[in-house]
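Here are my notes on this model. Please read them beside the coordinates.

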Amino acid sequence: RAPPAPPPAAAPCGLHNISVGVGALGLGYPSPETVVFRYCGGGCPAPPTLHRLALGAVLGTGGPGGGPC
């Protein structure tokens with residue numbers, strides 16, 4: 001019997017880009033244009049702050065995690 005596979009490594013913390021077609025945004029009209037969304041993602045550890053604690057209390061456990069990129 002083979003040993004279990006290790007869990008996938010978390011993506012590195014950083015600023016990520018994703019290009020999305022305007023037609024895929026559900027705005028009600030087709031368009032050949034694309035927009036670029038930028039977001040902070042990956043494993044971005046940060047110490048707790050009052051803002052993060054308050055946001056977690058409001059949004060619950062499904063709230064945003066990580067920290068600044």
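**Notes on the predicted chain**

1. Buried residues make up 9% of the 69 residues in the protein chain. Buried means under 20% relative accessible area, exposed over 50%, and partly exposed in between (1.4 Å probe, protein chains only).

2. The model is predicted: local features need pLDDT of at least 70, side-chain atom pairs count only at pLDDT 80 or more, and totals for chains, interfaces and linings use all residues. Residues are numbered from 1 along each chain as its sequence is written, and side-chain values use heavy atoms, with hydrogens and water left out.

3. The chain has 1 helix and 2 strands, in the order β-β-α. Helices (H or I, at least four residues) and strands (E, at least two) are DSSP runs, numbered from the N terminus.

4. Of the contacts with a separation of 6 or more, 41% join residues 24 or more positions apart. Contact means heavy atoms within 4.5 Å.

5. Gly23 sits in the loop between strand E1 (14-21) and strand E2 (34-41). Gly23 is partly exposed, at 42% relative accessible area. Beyond its neighbours within four places in sequence, Gly23 contacts Tyr29 and Ser31. Its C-alpha atom lies 8.4 Å from that of Thr34, 11 residues away along the chain.

6. Leu27 belongs to the loop between E1 and E2.
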